[in-house]
Amino acid sequence: QVQLVESGGGLVQAGGSLRLSCAASGRTSSIYRMGWFRQTPGKERELVARFIWRSGDILYVPSVQGRFTLSRDIAKNTMHLQMNSLKPEDTAVYSCAVRVFGGSDYAYWGQGTQVTVSS
């Protein structure tokens with residue numbers, strides 16, 4: 001089992017910045033991938049960015065490339081998402097998630113944190 005606790009989020013004007021953090025605990029040695037997803041009402045949840053945890057390989061979706069930066073503190077099993085140049089279309093509930101070795105999908109999820117970008 002992996003437990004995830006998110007922090008950060010909030011309300012910001014367009015062009016502003018926010019930083020999200022996600023702290024993992026439990027069987028952290030089993031983490032294969034750790035990522036951020038977002039969802040708005042009526043839309044499917046989408047991957048925003050993710051680490052392959054051990055290698056540090058990062059993937060960003062095109063809509064956030066160049067604006068969002070993923071970082072991590074391996075010793076603390078914590079991942080951060082620095083979001084700059086925010087746009088109203090970035091408004092969503094952001095959740096961190098973990099896929100473990102041997103798992104077929106992201107099975108562990110944080111509680112989610114609201115990000116609202118006003119125009």
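Contact here means heavy atoms within 4.5 Å of each other. This is a predicted model, in which local features need pLDDT of at least 70 and side-chain atom pairs count only at pLDDT 80 or more, while totals for chains, interfaces and linings use all residues. Residues are numbered from 1 along each chain as its sequence is written, and side-chain values use heavy atoms, with hydrogens and water left out.

View 1. Let's start with Q114, which sits in strand β11 (residues 113-118); strands are DSSP runs of E with at least two residues, numbered from the N terminus. Leaving aside neighbours within four places in sequence, Q114 is in contact with G9, G10, T91, A92 and V93. Q114 is partly exposed, at 39% relative accessible area; on this scale buried means under 20%, exposed over 50% and partly exposed in between, using a 1.4 Å probe and protein chains only.

**View 2. Polar contacts of the Q114 side chain.** The Q114 side chain reaches the backbone oxygen of A92 at 3.4 Å, and a polar contact of 3.3 Å joins the side chains of Q114 and T116. A polar contact is a pair of N or O atoms within 3.5 Å; within protein, one must be able to donate a hydrogen and the other to accept it, and residues adjacent in sequence count only if both atoms are side-chain atoms.

**View 3. The aromatic pair of F37 and Y106.** Rings of Phe, Tyr and Trp (its six-membered ring) pair if their centres lie within 6.5 Å; planes under 30 degrees apart count as stacked, over 60 as edge-to-face and the rest as tilted. The count by this rule is four aromatic pairs. One of them joins F37 and Y106 edge-to-face, at 4.9 Å centre to centre with 75° between the planes. The pair links distant parts of the chain, 69 residues apart: F37 is in strand β4 (residues 31-39), and Y106 is in the loop between β9 (92-100) and β10 (108-109). F37 is buried at 10% relative accessible area, and Y106 also counts as buried, at 14%.

**View 4. The edge-to-face rings of F51 and W53.** The F51 and W53 ring centres lie 5.7 Å apart with planes at 85°, so this pair is edge-to-face. F51 is buried at 3% relative accessibility, as is W53 at 5%.

**View 5. Arginines over tryptophan rings.** A charge sits over a ring if NZ of Lys or CZ of Arg is within 6 Å of the ring centre and within 35 degrees of the ring normal. R45 lies over the face of W109, 3.8 Å from the ring centre; ring pairs link W109 into a cluster with F37 and Y106. R72 lies over the face of W53, at 5.4 Å from the ring centre.

Terms used:
Helices (H or I, at least four residues) and strands (E, at least two) are DSSP runs, numbered from the N terminus.
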